[in-house]
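Reader: I am new to this structure and would be grateful for a close look at a single part of it.

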Amino acid sequence: MKTMKSIKDQIISGGMVPVFNHTDKEIAFRVVKACYDAGLRVFEWTNRGAEAAGLFKVIKEYIDKNCPGMLLGAGSVFDGETCRKFHGMGASFIVSPILDPDMAKACEELKVLWIPGCGTVTEIHQALKWGADIVKIFPGDAVGGPGFVKAMLGPMPWAQIMPTGGVSPDPENLKAWFKSGVCCVGMGSQLFTKERISDPDPGNLILEIRRTLKIIEECRKK
């Protein structure tokens, strides 16, 4: 079993956390496998819609059989009870758009890595006090974008920041985020467009993910 530190290291080393949800399990399988074949080893399944939890279990079974070494996390989680439910189904990490003490307590008890959403320096400070190893800036563009991250890391250089919302595969966008000091980024609809995920041939999606990861790699060298 992986430790929280090793899970954190795997998330950060990948540079990007793909964020996805779909009611069609075959499309979900295709997207997960495309991410894996492109080189990603983490995947966030968002808890949106009545079928999301049931599909999480199906996705977990698919990953265990077809994507060895890939970590599956649950996103859009809002309370401690839901943390426990997804952890019981095999979630390696929990992601939330909010900062909540009940979730912090649940994740501490479960010994599961928690990535809460924050929009102010005070919230980031509180998240770190409550045990968050990575902090999600959400919505990344609306709270101030790369400029906010850069300014915040001045007095808090130890914070590990992952923006989600306003992150795209565009080279200039990624360059701005990584130059500001983020440890990784979360990316969803800007990468997983309707056209790409509906194509039964995953080749184009795989190429786009590889291109994005290459851009991130280059950004980290500068």
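Reader: Does F20 count as buried or exposed, and why?

Author: In this predicted model, F20 counts as buried because its relative accessibility is 6%, and the cut-off for buried is under 20% relative accessible area.

Strand β1 comprises residues 16–20 and is joined by two bridges to strand β2, residues 42–46; the two strands run parallel. Within this pairing, V19 stands opposite E44 of β2. Both strands belong to an open sheet of six strands, paired in parallel and ordered β5-β4-β3-β2-β1-β9. The edges of the sheet are formed by β5 (113–115) and β9 (185–187), each of which pairs on one side only. On average, and with direction ignored, neighbouring strands of the sheet are turned by 25° against each other.

The aromatic contacts of F20 follow. In the whole structure, a search finds five aromatic pairs. One of them joins F20 and F43: the ring centres are 6.5 Å apart and the planes stand at 65°, so this pair is edge-to-face. Since F20 lies in strand β1 and F43 in strand β2, the pair ties together parts that are 23 residues apart in sequence. F43 is buried, with a relative accessible area of 0%. F20 also pairs with W45: here the centres lie 6.3 Å apart and the planes again make 65°, so this pair is edge-to-face. This second pair links distant parts of the chain, with F20 in strand β1 and W45 in strand β2, 25 residues apart. W45 is buried, as is F20. Together with F192, the residues F20, F43 and W45 form one aromatic cluster.

Conventions: Residues are numbered from 1 along each chain as its sequence is written. This is a predicted model: local features need pLDDT of at least 70, side-chain atom pairs count only at pLDDT 80 or more; totals for chains, interfaces and linings use all residues. Side-chain values use heavy atoms; hydrogens and water are left out. Two strands pair if DSSP finds at least two bridges between them. Helices (H or I, at least four residues) and strands (E, at least two) are DSSP runs, numbered from the N terminus. Axes are lines fitted to C-alpha atoms, for helices over the stretch in contact, and angles run from 0 to 180 degrees between N-to-C directions. Rings of Phe, Tyr and Trp (its six-membered ring) pair if their centres lie within 6.5 Å; planes under 30 degrees apart count as stacked, over 60 as edge-to-face and the rest as tilted. Buried means under 20% relative accessible area, exposed over 50%, partly exposed in between (1.4 Å probe, protein chains only).
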